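Here's a quick briefing to read with the model open on your screen.

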Amino acid sequence: MADPRSLTSVVFVTGTGTEVGKTVATAALAAVVHERGSSVAVVKPAQTGLEPGEPGDVDEVRRLAGDDIATHELVRLRDPLSPEAAARRVGVTLPPVAVHAKRIGEIAAESEVVFVEGAGGLLVRLDSRGGTLADLAAGLRYKGIGAGVVLVASAGLGTLNTAALTAEALAARSLPLLGVVIGSWPTEPGLAEESNLIDLPRVTGAPLWGAIPEGAGALTGEQFRAGVPDWFDLH
């Protein structure tokens, strides 16, 4: 199994869909890299579904991975929709992904590893021009900033198709898929879940880095960080 502790530069975290455990997976990855002694930042380009002042995904990452993780939320929108749709409902024009790329580049100059957590899947629109997380990653690579992608997949039936489609979309843009993480592994996995441990690497062409147990997001930060090595098999 590949070792996520080797991560450097900018890493985009996307999912096979919504509610697959991207935030918890981002926290786990941040904890892994921080444990090796590297400075880590986490960026959320667009947070939707929350009012101003409510704790968001970056706050949850910091709670789980530790207060030493620098976090940045670039845009917040109230409605629980895609960023483009949520902005349209309130008549807001979102900044283009090129603006996000510039800010992430500035953050990367101050941190050894930057995790960028997307909203939903790879091709969810992040700006009012149709720019996606894939466009954001491609823009950074164009600027000479190394950028790869980690895919957070659901555990059960149906995940192989969306994982394969995501891998194809990344390959078409020459964006490297570094690894796959199962975002919520059930306490009693069934036939589909056990089979997917074998098939996710086959359909994506990327190593399976680990599986985060169901309910890990409800742990205390101390419990979460203590569990991470087991979830990524880092012993």
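How do the residues of the lining of the largest pocket divide into nonpolar, polar and charged? They split into six nonpolar, seven polar and five charged, where Ala, Val, Leu, Ile, Met, Phe, Trp, Tyr, Cys and Pro count as nonpolar, Asp, Glu, Lys and Arg as charged, and the others, Gly among them, as polar. Bear in mind that this is a predicted model: local features need pLDDT of at least 70, side-chain atom pairs count only at pLDDT 80 or more, and totals for chains, interfaces and linings use all residues. Numbering starts from 1 along each chain as its sequence is written, and side-chain values use heavy atoms, with hydrogens and water left out.

**The largest pocket**
- Its lining has 18 residues, with T18, E19, K22, K44 and D57 nearest the centre.
- On a 1 Å grid over the protein atoms alone, a pocket is an open set of points where a 1.4 Å probe fits, with protein on both sides within 12 Å along at least five of seven lines; lining residues have an atom within 4 Å of a point.
- β6 gives the most to this lining, with four residues.

**D57**
- You'll find D57 in helix α2 (residues 57-65); helices are DSSP runs (H or I, at least four residues).
- Leaving out residues up to four places away in sequence, D57 touches T23, K44, Q47 and E117 (heavy atoms within 4.5 Å).

Conventions: Helices (H or I, at least four residues) and strands (E, at least two) are DSSP runs, numbered from the N terminus.
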